[in-house]
Amino acid sequence: MIPELGQLALSFALALALVTGSYGLWHVTRRSQPDTYLSRSLAGSSIAIFVLIALSFIALMVSFLNSDFSVRNVAENSNILLPVQYKIAATWGSHEGSMLLWILMLSGWTAAVALFSSRLAAGFRARVLGILLLLQVTFIGFLLSSSNPFLRILPAALSGRDLNPLLQDPVMVSHPPLLYMGYVGFAVSFAFAVAALMEGRLDPTWARWSRPWANAAWSFLTVGILLGSWWAYTVLGWGGWWFWDPVENASLLPWLAGTALIHSLAVTDKRDALKSWTILLAMIAFALSLLGTFLVRSGVLTSVHAFATDPKRGILILGLLILIIGLSFILYAARTNQVGLGGQFSALSRESMLLVNNLLMVCALAAVLLGTLYPLIVEVITGQKMSVGPPYFNAVFAPLLLPAVWLMALSPDSQWKSMKLASTLKPMLFPLLTGIVVTSATIYWMGKPSVFMALGIAAAVTLASATVGHALRQLRKLKNNGASRAVTDRMRQLGMSYWGMIIAHVGVAVFVAGVTLVKTYEIERDLVMQPGQTESVGAWRLTFIGVDNLPGPNYIAAHGVFELTKGEGKVIYLMEPEKRQFNVGGQVITQAAIDYGFFGDVYVSLGEPNAGNNVASATNEQAWTVRMYLKPFIGWIWWGCVLMAIGGIFTLFDRRYKRLNKQSKNTEVAV
């Protein structure tokens with residue numbers, strides 16, 4: 001009964017979204033000044049649809065928790081022995097469940113817009129909500145017609161096939177929802193952009209109120225990508241954090257477009273410039289989110305991250321992508337002349353620097369897109385399989401983004417509209433000197449000098465020094481101008497958006513430093529070890545104690561025990577990697593043991609027993625292949641991402657938005 005209720009709620013949501021969304025857009029195109037009642041009705045419908053879809057999602061989750069194997073989706077992606085937390089994760093572990101999660105996120109963003117957009121003009125608000133509701137119609141229709149998660153099977157299965165073992169990890173309970181929040185969040189910026197085009201005018205007010213939504217989506221996507229990278233590092237047993245896997249690239253593409261978008265929105269907000277460019281980026285960010293959906297769920301890619309292997313459903317997703325993005329780009333082409341370029345600025349200005357940074361981001365995006373899609377295009381044309389690997393991406397990506405990091409160091413001291421080069425470069429002298437000194441010291445103490453290493457460390461240190469230095473100068477300037485002597489009061493005066501920028505840029509510096517150092521100084525060793533044997537890797541010594549069999553809730557594990565020491569000292573850490581063989585299907589996965597540290601990780605994973613036995617029959621006397629990696633400063637990569645996401649979240653609480661919200665209680669904000 002529960003699955004039928006879930007499907008019924010989804011059907012009601014489809015009908016309500018279709019009627020209200022289509023009527024709302026039809027009504028606002030017929031009347032130049034739509035009434036407030038229509039806007040409020042669409043807002044109420046958006047919230048009701050979110051409740052219906054949430055009930056449908058809960059129904060599917062309950063089916064998994066109850067192990068209702070009469071539901072095909074549950075039978076194919078769960079098992080009676082599956083732990084509770086992974087039964088919850090299994091709700092979105094399949095193609096059908098992940099699409100329902102996508103729709104839940106889309107309806108949630110729509111409901112949020114409905115709740116927090118009452119200050120917008122009624123006509124513009126109605127257009128935005130109408131567009132978001134029709135987007136829901138397309139995806140709910142796709143789900144019910146080709147990917148229904150509530151289909152029954154008769155007779156019911158006695159036990160399920162189990163969730164993909166790679167997804168049975170604590171990170172996978174939170175990674176997909178956060179990633180989808182970022183993916184789908186760009187639908188709001190897309191809806192704002194299309195609504196502005198439909199209305200035929202675009203001013204800074206539109207950009208000002210688009211910025212929080214774009215920043216929120218970008219922050220969620222950053223955390224989602226971070227968790228995916230962390231999962232790959234801890235579970236796959238390769239010791240890497242980014243493999244340029246096509247599905248990883250599918251999440252990176254909208255992130256790059258979103259990064260360009262949030263900076264372009266800042267220019268449009270502050271200076272009423274780059275308006276056409278900003279709208280185009282909003283469309284591209286959402287288009288790439290849809291493209292990622294197609295790549296992950298169409299079956300055209302082979303990846304540990306891919307959900308589906310059904311090309312028929314992939315063709316339908318591709319059709320939706322072409323329809324949605326095609327119509328929006330036709331509208332863009334028809335209305336671009338009405339939008340105009342906006343405010344003018346000189347070649348030496350903050351606007352120019354942000355534009356150049358955006359162009360670098362888009363070039364990097366194009367390079368990644370080409371490397372991801374080119375093998376698919378070649379296969380379609382010639383029938384031959386090929387791959388584009390890390391050497392291509394590493395060769396084109398870093399040279400494009402390193403200049404962007406240097407420009408970021410300059411941007412805080414730049415000025416709007418026009419500036420003198422000398423006044424911008426003067427504050428950079430100390431950061432540049434700091435970067436040179438730190439880079440030289442790193443080369444002296446750690447060796448392995450290279451152009452990539454020197455430029456990376458120098459860029460990271462210069463960016464961090466310039467960013468922190470600008471914040472200190474701003475605080476001192478406020479103090480000299482008679483502001484409160486209390487640092488906290490002066491920090492509040494600068495605003496949350498400013499501190500969000502500072503934190504995010506420091507996060508980029510930490511990230512770049514981590515990537516540079518781990519790429520330059522990592523050590524990887526593949527060993528064959530007998531129990532009692534000791535091997536030295538760098539300054540570390542690893543002693544193999546042995547392997548025993550350890551039963552899990554739905555698997556049997558070869559549980560290794562290693563003693564980790566540094567030099568001739570005492571045992572620092574007991575490393576316990578596992579090789580898990582799951583009861584259903586017999587798939588084997590690796591669970592690495594990691595000694596985490598501020599200055600780097602020691603990473604140990606079990607390979608295969610040397611005698612060729614399987615995991616369940618491995619003995620404590622036989623030799624094993626062991627991978628031991630030293631990963632200096634790798635944690636800085638994820639801490640940098642955390643700082644970036646925190647910076648994006650900080651901007652959501654800027655006092656300008658609160659002030660405008662108070663002003664709009666008595667008057668609507670026209671767009």
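What span does helix 19 reach from its first C-alpha to its last? I looked it up in this predicted model. Helix 19 covers residues 635-650, which is 16 residues. It reaches 23 Å, close to the 22 Å expected at 1.5 Å a residue.

Next I checked burial in helix 19. The buried residues are Gly635, Ile637, Trp638, Gly640, Cys641, Met644, Ala645, Gly647 and Gly648. I then looked for what covers them. The cover includes helix 8 (204-235), helix 9 (246-271) and helix 18.

**Entry: helix 1 and helix 6**

I turned to a helix pair. Helix 1 spans residues 2-30 and helix 6 spans residues 122-146. They pack at an angle of about 145°, and their axes are 8 Å apart. Helix 1 passes helix 6 in a left-handed crossing. On the helix 1 side, the contact includes Leu10, Leu14, Ala17, Gly21 and Leu25. On the helix 6 side, I noted Ala126, Gly130, Leu134, Val137 and Gly141 among the contact residues. By class, this contact has 15 nonpolar, eight polar and one charged residues.

I picked Thr520, which lies in helix 18 (residues 496-521). Is Thr520 buried or exposed? Its relative accessibility is 13%, so it counts as buried, since the cut-off for buried is under 20%. The side chain of Thr520 reaches the backbone oxygen of Thr516 at 2.7 Å. Leaving out residues up to four places away in sequence, Thr520 touches Lys448, Phe452 and Met453.

Lys448 is not a glycine, yet its phi is positive, about 55°. At 48% relative accessibility, Lys448 counts as partly exposed.

Trp244 is buried, with a relative accessible area of 10%.

Then I looked at a peptide bond. The one from Leu154 to Pro155 is cis, with omega near -5°. Pro155 lies in the loop between helix 6 and helix 7 (175-199).

**Entry: Asn77**

Asn77 is in helix 3 (residues 72-77). It counts as buried because its relative accessibility is 13%. A polar atom of the Asn77 side chain lies 2.9 Å from the backbone oxygen of Asn73. What does Asn77 touch, not counting residues up to four places away in sequence? I listed Phe64, Ala90, Gly93, Ser94, Asp162 and Leu163.

Thr293 has its place in helix 10 (residues 275-297). At 1% relative accessibility, Thr293 counts as buried. It touches Met99, Trp102 and Ile317, with residues up to four places away in sequence not counted. I also checked Thr293 against Ala558, 265 residues apart along the chain. Their C-alpha atoms are separated by 36 Å.

Leu400 is in helix 13 (residues 390-410). With a relative accessible area of 22%, Leu400 is partly exposed. Leaving aside neighbours within four places in sequence, Leu400 is in contact with Leu360, Cys363, Ala364 and Ala367. The C-alpha atoms of Leu400 and Asn249 are separated by 16 Å.

Technical notes:
Residues are numbered from 1 along each chain as its sequence is written. This is a predicted model: local features need pLDDT of at least 70, side-chain atom pairs count only at pLDDT 80 or more; totals for chains, interfaces and linings use all residues. Side-chain values use heavy atoms; hydrogens and water are left out. Axes are lines fitted to C-alpha atoms, for helices over the stretch in contact, and angles run from 0 to 180 degrees between N-to-C directions. Helices (H or I, at least four residues) and strands (E, at least two) are DSSP runs, numbered from the N terminus. A crossing is left-handed if the near helix is turned anticlockwise from the far one by less than a right angle, and right-handed if clockwise. Contact means heavy atoms within 4.5 Å. Ala, Val, Leu, Ile, Met, Phe, Trp, Tyr, Cys and Pro count as nonpolar, Asp, Glu, Lys and Arg as charged, and the others, Gly among them, as polar. Buried means under 20% relative accessible area, exposed over 50%, partly exposed in between (1.4 Å probe, protein chains only). A polar contact is a pair of N or O atoms within 3.5 Å; within protein, one must be able to donate a hydrogen and the other to accept it, and residues adjacent in sequence count only if both atoms are side-chain atoms. The expected span of a helix is 1.5 Å times one less than its number of residues.
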